[in-house]
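Biologist: Before we talk about any contact or element, I would like to go through this model with you and hear each answer with the criterion behind it.

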Amino acid sequence: MTASARDSDLVVFGATGFVGKLLAAYLAEHAPAGTRIALAGRSRARLEEARTALPAAAADWPLIEADASDPASMAALAAGTRVVVTTVGPYARYGMPLVEACAAAGTHYADLTGEVLFVRDAIDRVDGVARGTGAKIVHACGYDSIPSDLSTMLLAARAAADGAGGLRDVRLVATLKGGFSGGTIDSMRAQVEALEKDPSLRKVAGHPYALSPDRAAEPRTQQPRDAGLPAQLPDGRWSAPFVMASFNTRIVRRSNALQDWAYGREFSYGEVMGVGGGLRGAVTAGVVTAGLLGAVSAMSFGPTRSLMDRVLPAPGTGPSEEVRAKGWFRMDVSATTESGRRYTAVAAGKGDPGYAATAVMLGEAALALALDGDRLPDRVGSLTPATALGDVLVGRLRAAGHTYEVIPA
């Protein structure tokens, strides 16, 4: 794709939503001068309102009316740009027409999905098409799953450079201040509803290699449970289940498989949330575990799901700028290699992980797709952040103030 062949370099679809506005503002402040960016959504009036609130660099950005429920609209949107970045979810409900349009048009695509079933469906539908057209279809370009995916990629690269062999036991401990967006909660709700309609999908969503390009070729390495009991970590802290582990782990394992298991054939990867040490940490771990399991159960039962809908953040809503600015995230990832060497990776950043930090991650992923084509990994099709964007995205996020580093233990 040449720049002159399309009307724009990058289109933000969902620019009138809460996260879409944050993303557009980030791009207005950080995209290089001359980058051709457009805003897309269902309502021109709302797009005009959203554009007016953006920094001055966005004043002349074109506006595109497009409806996720109209495949022809999605085809026209994809055909007119080199990259589409979308915040319109739940993706299982609204996302597939755009994925299919981008794959057919040879247009690069990035999203924020945390939905295993949607990604599996998208892989099956468009991977072959995208390989033929040269499109990079990149899912999970926010807090789930960029820090998990890139930190593991860096661990594997460092171990290989040191001659330490492949990775064996890799465990991520997530700590954060902030919350999950209404869109993330709506995506979880949509997946629960899909499992209710078709219980056979539980085997798909629950399989540790659900997103593998070739499940039959996967090693028989035992993988950690996504929602285990509270446990004490080697550093004395207590852990509880991490709500995004069931998605992030499958993205990371897909990255390994897409690279011919370059991380190692004995690669075992799991994620938990760190909640502090001592008695207080133990109690917190128990409360968090019970709360998470209770929330999942409540979301699976109609009457209690309706009650939760009244108290949980709604799609398109989010915290104030002040609250977003006080948030942060940190991932500590420990690894043991086949030779017994140990390493630790750290991925961290300022800003509420579900909103402010995610806008940085998604924005830099989109800019990498639009501007860094010759420097990106030579892969197309249905990809992950690590396999599509690799070290280029790491460099961009470091320049944006995020931390990505590997330390020998």
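Biologist: With which residue does Asp372 form a salt bridge?

Modeller: This is a predicted model, in which local features need pLDDT of at least 70 and side-chain atom pairs count only at pLDDT 80 or more, whereas totals for chains, interfaces and linings use all residues. Residues are numbered from 1 along each chain as its sequence is written, and side-chain values use heavy atoms, with hydrogens and water left out. A salt bridge is taken as a side-chain nitrogen of Lys or Arg within 4 Å of a carboxyl oxygen of Asp or Glu. Under that criterion, with the closest N and O atoms 3.4 Å apart, the partner of Asp372 is Arg375.

Biologist: Where is Arg341, which forms a salt bridge with Asp162?

Modeller: The closest N and O atoms of Arg341 and Asp162 are 3.7 Å apart, and the two residues are partly exposed, Arg341 at 37% and Asp162 at 33%. The helices (H or I, at least four residues) and strands (E, at least two) named here are DSSP runs, numbered from the N terminus. Asp162 lies in the loop between helix 7 and strand 7, 179 residues from Arg341, and Arg341 itself is in the loop between strand 11 and strand 12.

Biologist: How many residues apart in sequence are the parts that Glu266 and Arg168 tie together?

Modeller: Glu266 and Arg168 form a salt bridge whose closest N and O atoms are 3.0 Å apart. Glu266, at 38% relative accessibility, counts as partly exposed, and Arg168 is partly exposed with 33%. Because Glu266 lies in the loop between helix 10 (245–258) and strand 10 while Arg168 lies in strand 7, the separation in sequence of the parts they tie together is 98 residues.

Biologist: Which strands stand at the edges of the seven-stranded open sheet?

Modeller: Two strands pair if DSSP finds at least two bridges between them, and on this basis seven strands form an open sheet in the order 8-9-10-7-11-12-14, with mixed pairing. Within that sheet, nine bridges join strand 11 (residues 328–337) to strand 12 (residues 342–350), which run antiparallel. An edge strand has a single partner strand, so one side is left without a neighbour in the sheet, and this applies to strand 8 (231–232) and strand 14 (403–408).

Biologist: In strand 5, which residue is the bridge partner of Val84?

Modeller: Strand 4 is joined by three bridges to strand 1 (residues 10–13), and these two run parallel; strand 4 also pairs in the parallel sense with strand 5 (residues 108–111), over four bridges. Val84 and Thr86 point one way from strand 4 (residues 83–86), Val83 and Val85 the other way, and all are buried. On the strand 5 side, the bridge partner of Val84 is Tyr109.

Biologist: How many disulfides does the structure hold?

Modeller: A disulfide is a pair of cysteine sulfur atoms within 2.5 Å. For Cys102, the nearest cysteine sulfur is that of Cys141, 13 Å away, and Cys102 is buried with a relative accessible area of 0%. Cys141 is likewise in no disulfide, and the count for the structure is zero.

Notes:
Buried < 20%, exposed > 50% of the residue type's maximum accessible area, 1.4 Å probe, protein only.
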